[in-house]
Amino acid sequence: MITFLVPAALGLLAIAAAPPVVHLLTRRRAQVRPFPALALLARVQAGRARLSRLRERAVLSLRTIAIAACALAAAGALVHGSWSSTAGRPAVVVVDGSASMRQAGADGSSWSRARSAAGRLLESLRARPRAVVIAANPARRSSPRPVAELGAALALLAESEPGAGDGGAGEAIAAAVAMLGDDGDLYFVTDLARGSLGGIDPAALPKTVSFHLVDAGGGGANVAVVGLSCEPGVAIAGRPLTVQARVADYGPSAIDTRVRLQVGSHATLLDVHVPAGGSSTVSCQLTPESVGFLAVSAEVPSGDALADDDRRCGAIEVVSSLRALVVGDGDRNDAAGAIRPLAAALGAAGLDVRSTDGAGLAAEERRSDILVTAGIADAAAAAPAVRAHLQAGGAWVQVIVGDGDAAIATALAPIAPPFACGPRIDVSEQERGSMGLGQARLDHPLLAGFVGRESLLGEVVSYRYRLTPGGPAADAVPLLAYADGSLALAERPVGSGRWLELNCSSAAIDSTLSRSSVLAMLVARLPLALLPARAAELAREAGAALPVAAGIAYIGADGAAADAPVAVIDGQARLARPGLYRLSGGGLVAAAVPAPESDLRRLDPALVHLSAESVDRATSASGESPAWPWLLVLAALALVGESWLAGGARRSA
Amino acid sequence: MISIPDVPRLARSGALELTARRVVEGLYAGRHRSPYLGPATEFADHRPYAPGDDLRSIDWRAYARSDHLLVRRYREERDLPLMLAIDTSASMAYGSPEKSAWAAIASAALGMLAIDQGDRVRVCAARDGAARWTAELSGSPGANALCAELSELRWSGAASAADLLAEIARRLERRSLVVLMSDLLGDPLELARQAGVLAARGHELVGLHILDRSEVELPASWGLVSLSDPESAHAPISCDAAQTKVAYDRAMAEHRERCARALAGARAEHVAVVTDQEPSEILGRWLHRRARR
C-alpha cells in the first residue's frame, strides 16, 4: 500500500499524460501513395513495423513512467506493509489520559477519538511488536515490552478512562522509551490541548526512537475555575482570611458570568467579567472563629465541553496560631545556645512552637508553617524535608552556626540560597570575629518595626560564622549587613515559600542579638513578613500522590457523599478524582483539575519543534518507509532506457 | 534522347508510332541487328536490304543481277515470329514515366523493327484472367495495326507475368520469340515454372523486367507514407520510407535477382529495365548482346 506525505503534489501526475498527448498532437500524417511492390514491402515491414511500434510505445511508456515517478516522489510516496523497512521494528502507542481528554464534543469525547485512533494504530502496526501506554496518573501499560500479540493492548485501551490530572505525559513517554529499548517508533496520541505536551522533551529522546505526535482532534473554548486560594496561607482562628477563586476564559470572546463561592456553610454569588483568553479573580473575606477544616468550593455555570473544571474544591485548615518547628541538634553547644533564645522568642510572639532534632525533622515538617533550623549536624538528611517545606509554601529561617548549616545550601541545589557562605573564620585569629551591624533595610516588613529605633540594630554585635564573599543572590533581598559589608540576614522567595538566611548566632555567648529586644522584634514580625505574602492553593492536583499515615476516603465535591475508601500503597494515596477527601485523622484534603488542563485551545506543535500527524496519516504511515529514493532511481532508469531506445530509433533511421 | 510521352499521348497511335519509329531509328543508327539470328540452315527467299542488316547477309550476286540490295533469308528466321507478351495490369500504370508507356514504346519499337525486317508480330495482352490476342501482323499495314493495337491497351486490373506466359504457352502453337513486358512483381517461382513450360515448347523467351526507379530504390524523401497496392486488395502499409529504405532496396534487389535466376533456369533472358532509362539504349544494348551470342 502506498500513502503520500504531500497528496496535493499528485496533481503533477497529470504531466505524465503529456508524452502520449504530445505524441498524438504532433504525430505526422502519412502521405498516401500507390505502390505496386506493396507485397514486397509488406514482407520487409512485417517485423520492422512491429518493432517500430513496440519501440515507440516503449519510449512513450518510459517517458510517462519517468514523469509519474518524479510526481510520486514529489508527493512523498511511502510504502508500508511487508515491503516496508520498518517491519519488525517495535512500536509503543502512548495515549494521553489527562483531564483535557474528557472533553466532550458533538463527535464524542477526545478520549473516545484518541482510543479509536490508538486502536487503529495498533491494528496498522500488524507486522510489528507493539504495546500501549495510557498516560494517566499513574501510567498503565499493556505489557512490559512490545509484543506481537494485540489482545492485551486492545483490552487495556477498552478498559481505560482518562484521569482528572495532567496525565504525566513526560513520565509515560519515558516509560515508553524504556520499553522500546534502543530502537522503535513512539506514537503519542493526544488532543493537543495547551497542557498536553507538558513534561515532554523530544530533544531528550534517543535518536533511534522516532517520535510521532498524533492529533486525535478536539480543542475549543472552555470556562473553568482554575484556582482557589486563601490569604494568608495559614488560616488562624480569629484572624481575617480572604478566599479567592480565579476564573479563566479559554475562548475567543470575553464573558460575564456568576461565580458561586462557598466557604463552609456560607455561600456567595459573585459577578465577574473575564476577558477573552484571560482570567479574573473573585474573593470573599471571613474570619474563622474556630479551629478545624473548612470545605471551600467555587463554581461557574456548567455547559461547556469540560465539566470537571467548572467546580473547584479546596480545604482550609484553621489553626489556633502559626506553627513553628525549631530544629537543632542539641549535643552541639553552639546550636543549643542559639535555639533556646529563638524558641523563647517564637513562643513569646504567640506561635505554637515545637522543637525537634535533625532526626525528627522529616516527621514534623509537614505540621509547621515556619521552620527554624540551627546547628544541623547531618545536612544531607535534613535537606529533603527542608526542600519539601519550601515547596509547600512554608518559610524557613536558617540560622548558620555550624558547618552542617552551611552545607544544607549545597544539599538543596539547585535551589540557591539568599547568599552563599564563604570560608569559615578562624576563631583563634579573629577572636570569634565579632562585629557590629552596619546596614539595615528598613523598608522591608521584617524590619519596618525598627524605623525610628535604628539604634537598637546599631547596638548589636555578633560573631560571624561565615564570610559572604559572593554577596546576595540575584532575587534575594539583603536585610542586614555587618560593618564590613558581609551579609548578616537576607531572604529570597523559593516557589511559594521563603528562605530567610541568618549569618548570626542567637546564642548569648556569641552575640548581643538575644540580649537586646532585637531578636524578639524580628521574630514577632516573622508571620507578617513571610506568611502574608503566601496565598496557599487550597487543592492539590488531581492524580497526585499524597503521603498518608492512615486511611483516606473520597467524599465528593461538596463533602456530602458517602466515604469511598482510597487505596493506600506504600504510604501513598492517589487523589484520582477532583473533590474532597477525608483523612482518617479528621483532616480534609482537596484535589482539582490542574489549571493547564482547562486550557483546551490547541497547541501549535511547531512551537516546540514538533509536527503533528492526523490519525489517518499516522495509521497509514505506521508501517511505512519512504519510496521516493526508489522512485527517483526508477525515473533515472526510465530516462536512460528512453535515451537508449530513442537513440536506437535514430540510428536505424 | 527520346522522351517517353505519357500514356494518354501514347494512346494516339500516331504518337506511339512516331516515338517507336524514333527508337527504331536509334537502333538502326547503332547498327543493331535483328533479334532473329538463328543458324542459317536453309535458304528461303530474299528481302530488301534495310539499314542495320548485316552486310554479310547481302546477296551480292542477286545485286549484280537485279541492281537491288537483297538480303538472304533462311527458313529458321522466318519460322520465329515475334510474340509481344504485355502485362497490362494496373501496376504497370505506375511510375514516372509510367511503366506502361515504356512497355508500349518498347513493344512498338521491337514490333516495327521485326516488321521492317519482314517478320510477323503478334501481341498478347493479359489482365484479369483474360487475354487479348492480335493476329499476325506484318508489312506496313501490320506496323500501323501494331501501333493501333498498343495504343488501345488499357492498363488496369490484376495480372501476373506467370499467368500471361501460361496463356501464351497454351495458345501459341508456332515456335516464337516471346518478349515479355512486365514488372514481374509476382512469385518468381511461378514465373520460373511457366518460363520452363514455354521453353519446353520450343519458344524463346526474353523478359523485360520493367520497374520504376522508386520501386528499385525506395525514395527516403517520401518520409512517413501510407502505400497502397493499385492492383491488389492488400491493406495499405504505413512506414517511414527513410527507415525502411535500406531493407526494401535490399529485398527488391534480391527479388530482381530471383526473377533473373527464374528466367535463366528456362534458358530465357532477363533484361532489367528502369523506366528512366532510354528504351533505345536498353533495347540496343540487348540486341547487341544478343547479336554477339
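Strand β4 (residues 121-127) of chain B is joined to β5(B) by 4 bridges, and the two strands run antiparallel. Strands here are DSSP runs of E with at least two residues, helices are runs of H or I with at least four, and both are numbered from the N terminus. Two strands count as paired if DSSP finds at least two bridges between them. One such bridge links B:Ala126 to its partner in β5(B), B:Ala131. The model is predicted: local features need pLDDT of at least 70, side-chain atom pairs count only at pLDDT 80 or more, and totals for chains, interfaces and linings use all residues. Residues are numbered from 1 along each chain as its sequence is written, while chains are lettered from A and ligands numbered from 1 in the order in which they are written.

Strands of a sheet pair through backbone hydrogen bonds, either parallel or antiparallel. In chain B, 6 strands form an open sheet in the order β5-β4-β3-β6-β7-β10, with mixed pairing. Its edge strands are β5 (130-133) and β10 (269-274) of chain B, each of which pairs on one side only. On average, neighbouring strands of this sheet are turned by 20° against each other, direction ignored. Such angles are taken between axes, which are lines fitted to C-alpha atoms (for helices, over the stretch in contact); angles run from 0 to 180 degrees between N-to-C directions.

Helix α10 (residues 241-264) of chain B lies across β7 (204-211) and β10 of chain B, and runs at about 150° to β10(B). Elsewhere in chain B, the axes of helix α5 (residues 99-116) and helix α6 (residues 139-151) come within 10 Å and cross at roughly 170°. The crossing angle therefore makes α5(B) roughly antiparallel to α6(B); angles under 35 degrees count as roughly parallel, over 145 as roughly antiparallel, 65 to 115 as roughly perpendicular and the rest as oblique. Residues are in contact if their C-beta atoms, placed from the backbone, lie within 7 Å. Among those making this contact are B:Ala104 and B:Gly111 of α5(B) and B:Gly142 and B:Leu146 of α6(B). The contact residues divide into 8 nonpolar, 4 polar and no charged. Ala, Val, Leu, Ile, Met, Phe, Trp, Tyr, Cys and Pro count as nonpolar, Asp, Glu, Lys and Arg as charged, and the others, Gly among them, as polar.

The contact between the chains takes 26 residues from chain B and 21 residues from chain A. On the side of chain B that touches chain A, α10(B) gives the largest share, 8 residues. That side divides into 14 nonpolar, 8 polar and 4 charged residues. Strand β2 (residues 31-34) of chain A pairs with β8(B) in the parallel sense over 4 bridges, and A:Pro34 stands opposite B:Ser228 in β8(B).

Key:
Contact = placed C-beta atoms within 7 Å.
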